[in-house]
Amino acid sequence: MTGLGLRYSTRQGEVRALRDVSFDLARGEALGLVGESGCGKTSLAKSLMRLLPDNARPAGGEVLLDGEGLLSLPEEEMRRVRWRRISLVFQAAMNSLDPVYRVGQQVLEAIEAHGVEETVASARARVARLFRLVGLDPRVMERYPHELSGGMRQRVVIAMALSCDPDIVIADEPTTALDVIVQDRILRELKAIQGQLGISIIYITHDMAVVAEVTDRVGVMYAGRLVELGETAAVFRSPLHPYTEALMSSFPSVSGEKRRLASLSGEPPDLADPPSGCAFHPRCAYATALCREQSPPRVGRGGQWAECWHPLDPAAVPVDPA
Amino acid sequence: MMPRPGDAAVTHDLPLVEVDGLVKHFPVAGNVFRKPSGFVHAVDGVSFRIGRGESLGLVGESGCGKTTVGKLLVKLLEPTAGSISFCFADASGDEAPSEPVDAATLTGGRLRDFRRQVQLIFQDPYGSMNPRRTIYDTIAEPLAVQRIGNALDRVDRVAEILTLVGLTPASSFLFRYPHELSGGQRQRVAIARALVLEPSLVVADEPTSMLDVSSRTGIMSLMEQLARGLDVAYLYITHDLAVARYMCDRIAVMYMGKIVELAETEELLRHPLHPYTRALLSAVPVPDPEHRRDPPAISGEVAAPVDPPPRCRFYERCPQATSTCESSPHPPLEEKAPGRFAACYEV
Amino acid sequence: MRWSRSKGSLLPDASAGPPRVEPGGGRLRLLHARTRLVLRSFRNGAAVFLESRIGLLALVIIVLFAVMALSHPVLMGTVWDADIYDPVTGYAFDATEQPAPPSWKHPLGTDPLGRDVLSQLLFSTGSEFVLGITAALVTVAIATTVGAVSAYYGGLVDAFFMRLADLIIALPSISLLIVLSGLFDLSLFYLALVIGVLGGFGGTAIVLKSQALSIKVRPFIDAARMTGGGQFRIIFVHIVPNLLPLSLLYMMFTVTSAIFAEAVLSFLGLLDIRMSWGIMIHTANTGGYLLSGTRYWWLVLPAGASITFLCSAFYLAGRALDEVVNPRLSRRDG
C-alpha cells in the first residue's frame, strides 16, 4: 500500500461545523488536530467515521481511503470499513464501556461482530494479546468496568479500537480525563503500538503539549476550518498563522524559561454566523481591512501551509490548495 | 522553636492561615445496617501556612485529597482532627491583626463574618451558578446575605466588579442568565462573586481546568492581577504543575492525603526533592517537539487510601524505597534546606 | 454606601470609574430589567408550550371552559330569570313535563326537578375551577416545601415525611375521602383543602424530593453556603425555584385528580355542595334516568363530557408544560 489518501471537504448545515477541510494522512503517520472546543475537531472525526447525528448532513467533499470514496459507500459497506479500517478511541472511556459486561467480553464482541477470527478460542487469544499490547494483565478481561481505574479503562478502550487491525485510529482527547502520570504512560504505549503495527493515528486534542510530543504533523483548526497544517516540529518552531502562535504562547510549560503567557482576547466565533473574510480577524492582532473583507489565501513554506493574509513568515508564498 | 512549613516565606511574616495536623476521614459504606467497612484517609495530617497575599499551590493527582483540603479550609466540611486558625486584619484596617480565630469554633453570626473573609472559586463554571438567577443576583447574593448596602448600591457595586473582571460593558451582563455566557465568562462571574466581599483568602479549586486554552490564560492573569490589587491570598488547587507555576509563589505536592513536598515554585520545579514530585514533573508533557523526556520513574497506580498501612504512603511505587522506608512510619515533612520541605527518608 | 475600606479602594484604576446605574432612575431600571426578564422567559416558555399541538388544544379547551364559567353570572344578570334559571332553586314553569328535552328556551333541557341543565352546567364550571386550582395550589405549596426540606435535611425529617407519604399512597384516597365526607360536611373549599393536603404530602412530595436531592448536590448550593446564607435562604432561594417548573407540572395533574375526585364523591351524594357536574349526574341517577339509555342524554352527557374534557385539558396542559420544563427537551440548555 502506498500511503493512503484521505480527503475531506465541506459539511454544511444550519451550523457550518466544518468548512472545506482537506488533508491527507500517510500510513504509519501520527497527525494531530488541535483547536478550541467547538472548532469542529470532533465533528471531523465523526464525519470520517460517518457517525454523524441525524441532524447533521454532509455538504460536499469526499473521504478517500485507498482511493475508495467513503461518503458514498452504502451503510452496509461502511460498517465493514468502520472498526476494521478506521476505529475510534473515545474521550470518555467510562461511557463507552457497558457497565454490565466484563471488559474482555466487550472486546470479544467487537472482534466477533466483524468476523476477524474464526473461532471463539482464537478470538479470546486475540483479546489476551491486545490486552498485553496495551499494558494490561490479560486477567483484567474478567473484570467489570467499574472495578478498573480510569487509566485501565482507557487502555481497554484502546484495545477495543485495535481489535480488528485497523489502518487508522482516531483518538478523540484520549487522555484528557487522566492524571499526568497515567497520561504519559498511555501516550507512550500508543506511540509504541503505532510503530509496532504501522498504523496511522489521528490525535484530536486541545493540549499543545501532547501534540508536540506524539505527532509527526499537526493541523490547527479554527471555526470549522483547517487554518494551518505542517510538520509538528516546523509548526512549533515557526508558525505561519497568528492563531497557531496565539495557541502556543498561551500554553504554560513546566520547563524552560518562565515566559509571559499571552492571552487570546474574545470568544470563538458563532459557527451559525461566522465573521466575514478570515474567521479569526476579530481576535487577530495583525488583522487589516483585507482580512475583514476577503477569505485568506493559502500560503506555504516547505510542507507547511496556512490560510492567512499576513503570515508570520514573510517568506511564505501562495500555494495551490490542490 | 521547630521550623514549620511556611516559616520561611520571606515576605509574608504574618501568616493568614495556619493549618495544623488536618485530618479528614470518610467512612467507606459497608452494608446498610453495618458499620462502615473502613475509612478513606482523604486528608491525613496536613500542615501548612499561607501568608497575607501569598499564593500557595496545592498540586496532586485526582483523589490525593487536595479538594478536600480546600473544602475543609472554607468550612464546607468539618475536619476529623486538626486545627485551622485564621488571623484576619481588623475591620478598622489597622495593621495589627486581630486574635487568631479557630475555624472549628465558628457558628451563627461569626460564621457569617468568616464567610466574608474566606471565599471559594469552583472548578465547574456551569454547575456553580444557580441557573434560574441572573448574573446580578449571583454576584449580589453575598452582599445581600452579609447585609451590605441596599438593592441600588448593590447594582452599582456589581457593575463595578463586573468591569473589574473584564465583563464590559457591565450593564449588558447584569441581567443575563449563566447559560447565556461562555465558560470563560462564567468563570469571570465566579471570580467576581468570590471577590465582591473583598476576602482575605480565596480557595480556587481547579478554576481553569474546564476552560479552553485561550480563555484559561485570560482567567489566570485576571486572578493574578486581582490578587495583587486586592491583597488576596490564594490556595490554588490544581493537577497541572504548569498552571501552578504561573499562579503560585509556593507549591505543596500532595500524595494520598499527605503533603510530600513544599517549596518555592521555581525551586520545586527545577530541583524536586521527593521522588514523587520528580515522577510527577517528568510526566508533564512539554509543548516543544524537540524536547525529549524520560519516562517517569514510578510504577503502579494510585490506590484509594482506605485504611493505609502506617509506612510511607509512596513506598509501593517509589523507585528508591529502602528497608528503612518499609519499617518506619510515614516520614514527617521536614525542612531539608532553607524553605524546602520534603517528607522522605532518602532525601 | 459603606464598603469595608480595610484594603483601600477595590478598583486599582478607580479613576477610570465604572459605568454607574444612575442613582435617580436606578430603582425603576432595576424593576424594568426584572420585568423584561420575566416577560422574556414567559414568552420563551409560552412559545415552546404552544408549539406542541396538545398544549394549544389544552389551552383552547381551558379558555372555553373559563368563558363558560364567566358567562353564568352574566346570563343570570341579563336574560335569565332567577325563578326559572337558578341552577338549584329554579323551575321551568314553561315546560309540560320534567325532565324536558332541549328547546329554544332550555338549550340543554331541564333536569327531573325542572331546573335548566345549561344553567347548572355553567354554574358548576366555576366551582370546578375554584376546586381544582385551590387543591393544586395547596398540593404544590406543601409538596415543594416538604420535598425541599426533606432533601436538604435528610435524616429524621426526611424519614418522617417519606413514611407519611408512603402511608398516604398506601391508603386508597377515594375511600379515605368517602369516610371523611361521611364524618364531616365537606364543602367545596374543605374538599379542595383535603385533596390538596393528601396530594401534597403524598406522591408529589416524593417526586419533588428526588428532584430536590439532585439539586442539592449541585455546586451552586455549596456556592450559596459560601456566601454565609442560612438554611432558610438556601432552601427557599436556591432549591425551591429550581423545583418550581416540576411543581407546576404536578399542579396540572392535581387539578385533574381534584375534579375527578369531586365528581366521584358528588355522584355518591357525599358532598355539601350546591351544584356540580357530579351532582348533576347524581340527580339523573337517583331519578333512575341513567339506566334508560340515551333517551335522556341531556341529563348525563353535558356534565360527563365536561368532566372528561376539563380533566383531559389540564392533563394535556401538564404534558405540554413537560416540554417546557424538561431540560432534555428544552432548547435553552446545551
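Biologist: How many residues of chain B are in contact with chain A?

Modeller: In this predicted model, 41 residues of chain B are in contact with 39 residues of chain A.

Biologist: What area is buried between chain B and chain A?

Modeller: About 3600 Å² is buried between the two chains, and carbon and sulfur atoms give 55% of that area. The size of an interface is often given in this way, as the accessible area lost when the parts come together.

Biologist: How many salt bridges are there between chain B and chain A?

Modeller: There are two salt bridges between these chains. One of them joins the side chains of B:R293 and A:E213, at 2.5 Å from N to O.

Biologist: And how many residue pairs are in polar contact?

Modeller: Between chain B and chain A, ten residue pairs are in polar contact, with both residues at pLDDT 80 or more.

Biologist: Which elements of chain B give two or more residues to the side that touches chain A?

Modeller: They are helix 7 (213–230), helix 8 (241–247), helix 9 (265–270) and helix 10 (275–283) of chain B. On that side of chain B, 20 residues are nonpolar, ten are polar and eleven are charged.

Biologist: A new topic: why is helix 1 of chain B described as largely enclosed?

Modeller: Helix 1 of chain B covers residues 66–73, and six of its eight residues are buried, so the rest of the structure largely encloses it.

Biologist: Which residues of helix 1 are buried?

Modeller: The buried residues are B:K66, B:T68, B:V69, B:G70, B:L72 and B:L73.

Methods
Residues numbered from 1 in each chain as written. Chains lettered and ligands numbered in written order. Predicted model: local features only at pLDDT ≥ 70, side-chain atom pairs only at ≥ 80, totals over all residues. Heavy atoms only, no water. Contact = heavy atoms within 4.5 Å. Buried area = accessible area lost by both parts, 1.4 Å probe. Salt bridge = Lys/Arg side-chain N within 4 Å of Asp/Glu carboxyl O. Polar contact = N/O pair within 3.5 Å; in protein donor to acceptor, adjacent residues only side chain to side chain. Helix = DSSP H or I, 4+ residues; strand = E, 2+ residues; numbered from the N terminus. Nonpolar A, V, L, I, M, F, W, Y, C, P; charged D, E, K, R; others polar. Buried < 20%, exposed > 50% of the residue type's maximum accessible area, 1.4 Å probe, protein only.
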